[in-house]
Amino acid sequence: MDPRKAAADEVAVVEFIKKFYARHPGAAPGINFHFFKTTCKCFRALRYADIRAWFKSRPQAYTVIGQLVVPHGIAAELPTAVAETTTAAAPAAIPAAVLTALTVPSPAAQLSLYCSICRIRCTSEDNMRDHLRGARHRDALSAADAHALEEAVLRSSQEPAATGCSHCELCGKWFNRPDLFRNHVASSAHKARVFWLLLRRSAALAPGADAVGRGIAPSGSASGAAPDATDPRVSVSSLPHPLPAVAPGATARHTLTLRNRGPGSIKLRSVSFLTPVPDGSMRLEDLHGVTAQPSGTVVWLSEGSSYEVVLVLEPRAMGLMRNLIILDMAPMGPVARPVAGVCCPPDLPPPPPPGADAGQAAAAQRRPKGLAPVNKDVVKGIPPPGSQEHLPLPLPMQPLPVPSQLRQLVGTANWAELKRLVPPLGEVQGQAQYAERLQKLLWLEELQHEIDIRVYDMKGVTLLKAGSGGRLALEVPGLAENRPSVLKGDRLLVTPSDRSAGGREYEGYVHVVQKETVLLGFADSFTRDVWIAGRRFDVRFTVNRSAFNLMQNALLRARDPRQLSPHLVLPGSKAAPLPTRPPPGLPLVEPPGGDGGAGRLTWQNGTLNNEQKLAVREVLRGEHAPLPYLIFGPPGTGKTSTLVEAAKQLLLTRPSSRLLLVAPSNSAADLLIQSLSATSGGAANRTMTRRLGPGGCLLMRLCAYSRPLEDLPKDLRDQAEEHGLRPHRGLGGGGGGGSPGGLGAGGAHVCAVNWDSEAAAFLMPPRDMLMDPRLRVVAASCAMAAKLVHAGLPVGHFSHILVDEAGHAEEPLLLCSLAGLAPQLGQGKQQLGGGSGSGGTRVVMAGDPRQLGPVILSLFAKQYGGLDVSLMERLLEQSGGPYGRTKTGPQVQRSSQPAPLSAGSQLPASPPSYASAYITKLLSNYRSHPAILRVPNATFYDDELRCAASPETVNSMLLWEELPNPRVPMLMHHIVGKDEQEANSPSWQNMLEARQVVDYVQKLLAKRRGGRVSADEIGIISPYKKQVQRIRVLLRELRDHIKVGSVEEFQGQERRIIIISTVRSSDEYLDFDSRHRLGFLSNPKRFNVAVTRAKALLVLVGNAQILAQDKHWRALLRYMRAAGAIVGQALPPKVAERLDGPPTAEDQEEEDEEEAARAAGEGGGTAQVDALARLLQQLVLGSEVRPPSEEDNAAMMTRGAVVQVEGGEMRRFD
């Protein structure tokens, strides 16, 4: 409950504060936010920003100063307006220091709230703090002259505020303690600004200055170039730009020569790097020790004399080396020389120097295309055999194309009007408006599919004659990798490249899909009159509307409560009130006599743990109805095994039950039916067979027409060939003629898989076959489940609908399996056998909403419409509903140091943290080593997961020679690479990272201690399409054995070893990535999935300085730093300082503020703090990459650029 709305909670906070000061009479006059969050139960579930807002909303009772909360009244006797009381009138129990702090200072004693940069005075500390971090101050700081900046630095270092508070106008920081301010002044970040000021004051960075007369060598200058300086009396030679590449372990030396050209003497006071280099990969040497740090040595250069400083490069790890050498001389001031080097193997070409390619990619890239106009002049093609349903559907589908209004608004990018048409979910009134809203969002998603598929359009290609059937062959690059995804029954539109057709296009249906070729069926008029061997054609790919049309029809049914129970989608609304007295949950451990008096269950899977068995028992009890039952399964906890066991028990204990098993993907639906039908010969399975009787329970796997038979697992493919539709299709499923010895022996044939061998396609079974009483289980994808409604199955035909991977399905897709099949209780025809319950269909969803949700391509539908939030996630996040946590859960103290956990160790069982009558959270992880699981467990799963994986598996990599800590199978290789784009692609690659990834693959395959590693045990994850392609090229012959792909391609999978390449080494695109949800940063679900795929070893390759700007990656890096598991280049001192030690309350508040700033489209706090340091490096070295433009943002919103940047397989609905 929100404490801002609860008076009882306010009383509890006052009591907490009273007890605190009673126990700590000498405490300081203020309590830290971190103490409130970790100690006061009222705030444990809130974010730091919410706690701060709670106190700031009560200005009469509390004053917020920085990270501290100062209470105005501690005992009931103390008046609220304590500032007006005298110290003597206060109760003696109140510490004197507290009362002193509560006294409002007089105007003369007010803090220094004047900003000299902006020349304004603020009214309060919070006002001043907000101003320093605001856009107005940033803009004024950028426009300020050197004199004003110098005064700001001097004032911030010499003028502490009256109460010990200080502010640094240059860095935009407010400090509530003098020691914090002193630490800031001594930090490298603040020094960077001082150097920037000094260099600017000496005209070293003056905008528009000529190369001669500047203190910085121009980019591209060579070592022998004419020296330049800020003063004609001195010259400083330049280093090569870039420096020649250095191999790991090699040494290179470069000399800087200072020459005094007179008149008079020059004092060389110091020579140092702007950024310290603690690992010694770069160092400075000179004859008299001026470069020694700290140093008091000063060298005088008489007129005409010279002095040499040597730059020594001794890198041990691959990566870029970027720095500035600052030569401080009197009387002319400092002079800077850039260092731009790289450490890479001799066979790897070094990346281009900074600034060399910034801006080139934008001009040369092939820009993504927009929405294509609807062409009505299309000559129809010839569809493949069987593409039209062989039997008419009892309930025909309505064609529901995208409305022209939505198409026009998307084409013109009129987002304001779209927001008006699509109200927020919180404003939806009733089930009909809920369904209408989803329809509009789904149409927007379909339009985005139309835009994205145009990336694959082809120009000037030839069509070859394929055999004697009149079909033509088209070669499609990338087809084997599903880029694009083309299936049988899809449509391609072609037109002559010479435009002789006058805008007419010819439709070609896909008949056969081969590795890189498709065979197309065109109209006879095209092959006879238009096609000529060698003639060039332009090809346009189209979106197959069948799945979208199924979802649109399902949403039409979803408007009617008689077709879809409102309790499933809008629980707690007026149409679906929550129960006034929720049923009590079952005990965690099954009683000796069972839960329902019918004896204990005979478990078909003897390895289930207590939470899994509890979920099955609650599903059997059915008290959750009419609400859905949720099985919350974090990574590796066996949610599919739990769902399958629930299905088996329903078949055993409910004789009249009929089950529909669905999942958003074909692979997940295949796994469900395989697991359910598997027989291992064990006692439990023999018991199930005996209870049901041989052939007494038939199962069907229902597949879509476009699915290739080769895509089925071998056991299901054998079933399709032996017990498919064709031998008995003509019987309509109602008469005899069962397959001898097959699944239908002794009666009418019921297919195991809906494969028709004559049509060579999956066809819809007739209604009579689907209604056969022996057919008790149908497994299908969510989209195909909607075909059951159109095939004529009555509402409520299934007693239970079990959904796996529910967190990965968008609501329209999930509703395909519910609308028309799951009405309000009491309206369906099915009566549950045994237990509680009346007629109707019960729904069970299994999934993990903390992992990747639905894959949504429309940024509008995702960011504004929330279409990427699954129904399961929405139910879990619903406040005040039955799916919320009932308690905080087991509290396990975690330190920053890695504890010596052993695989297979488990926390003691504890009562469920959710109401088990509605939801069970699975807690035993059977996949990962405890160290790999630690951070995701604490971040996403309330520290409740238990490590239950096999020790032999998860400890199998502890003897790998490359592990820096043999107790922690994790490794972070810090490498400063370069973000690169090719001229024809907006996606990103990082050559140095890719090479480092391949080096680790080779070392893993050469492993000897503790057993060998095979290539298929390794998975490589990267968020960018070009990096995936680059790594595949470098793997050479291994690429067929090692899976390399995006996070989405690894969802639901696991590998013994996972290597992650994060790519980003430049922060120019961090806000851009966050805004459009690209890459790893600011995407918690991607982070969670990526790091939880590994069983025994997790290797990260990336730039720790970039990753540390995200709080989730920072938590992982902090843990790995404490474990001594970070290798590669030396961490920058500021990053190392931030990772050393546990997070503080100040860190948490800064994280919250960065999150809020990113959500508002602004730069985060840390990004603002380092802005001037980045400006210094960019002005000297040149920008590493081209900064994003407004055209880039527009391309992300409307022109399908996300597909080109991130790649991955093209989205298809199974």
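Predicted model: local features only at pLDDT ≥ 70, side-chain atom pairs only at ≥ 80, totals over all residues.
## An exposed arginine and its partner

With a relative accessible area of 56%, Arg420 is exposed. Glu417 is partly exposed, at a relative accessible area of 22%.

Where do Arg420 and Glu417 sit? Both are in helix α12, which covers residues 415-421. Because they are three residues apart in that helix, about one helical turn separates them.

## The chain as a whole

Let us step back for a moment. The protein chain has 1214 residues, and 55% of them count as buried. Its secondary structure comes to 41 helices and 40 strands. The accessible surface amounts to about 48,700 Å², and carbon and sulfur atoms hold 53% of that surface.

Among the contacts with a separation of 6 or more, 74% are between residues 24 or more positions apart.

Helix α17 runs over residues 610-621 and includes Glu618. Is Glu618 buried or exposed? Its relative accessibility is 0%, so Glu618 counts as buried.

Even so, Glu618 has a charged partner: it forms a salt bridge with Arg621, and the closest N and O atoms are 2.9 Å apart. The two residues share helix α17, where they are three residues apart, or about one turn of the helix. Arg621 counts as partly exposed, at 22% relative accessibility, whereas Glu618 is buried.

What else does Glu618 touch, once residues up to four places away in sequence are set aside? The answer is Gly585, Leu586, Glu623, His624, Tyr629, Ser916 and Ala917.

## More salt bridges and a positive patch

How many salt bridges does a search of the whole structure find? There are 41. One of them joins the side chains of Glu590 and Arg600, at 3.6 Å from N to O. Both of these residues lie in the loop between α16 (566-569) and α17, ten residues apart. Glu590 is buried, with a relative accessible area of 10%, while Arg600 is partly exposed, with a relative accessible area of 45%.

Salt bridges can also link up with one another here: Arg253, Arg283, Glu285 and Glu314 are joined in a network of them. Elsewhere, Lys19, Arg23, Lys41 and Arg44 gather on the surface in a patch of positive charge. At 67% relative accessibility, Lys41 counts as exposed.

## A buried alanine in a strand

Now turn to strand β31, which spans residues 842-847 and holds Ala846. Ala846 counts as buried, since its relative accessibility is 0%.

Which residues are in contact with Ala846, leaving aside its neighbours within four places in sequence? They are Ile631, Lys639, Leu643, Val803, Asp804, Glu805, Ala806 and Met872. Glu805 is 41 residues from Ala846 along the chain, yet their C-alpha atoms are separated by 5.9 Å.

Most peptide bonds are trans, and most residues other than glycine have a negative phi. The peptide bond from Gly262 to Pro263 is cis, with omega near 0°, and Pro263 lies in the loop between β9 (252-260) and β10 (266-273). The bond from Ala625 to Pro626 is cis as well, with omega near 10°. Pro626 is in the loop between α17 and β24 (629-632).

For Asp942 the value is about 60°, and for Val1063 about 75°. Asp942 is in the loop between α27 (930-940) and β34 (946-947), where it counts as partly exposed at 34% relative accessibility. Val1063 is found in the loop between β38 (1055-1061) and α32 (1070-1076). With 0% relative accessibility, Val1063 counts as buried.

Terms used:
Residues numbered from 1 in each chain as written. Heavy atoms only, no water. Helix = DSSP H or I, 4+ residues; strand = E, 2+ residues; numbered from the N terminus. Buried < 20%, exposed > 50% of the residue type's maximum accessible area, 1.4 Å probe, protein only. Contact = heavy atoms within 4.5 Å. Areas by Shrake-Rupley, 256 points an atom, 1.4 Å probe, with all protein chains shown as cover. Salt bridge = Lys/Arg side-chain N within 4 Å of Asp/Glu carboxyl O. Patch = residues over 30% accessible without salt bridge, like charges linked within 9 Å, V, L, I, M, F, W, Y side chains within 5 Å. Lys, Arg positive; Asp, Glu negative; His and termini not counted. Charge placed at Lys NZ, Arg CZ, Asp CG, Glu CD.
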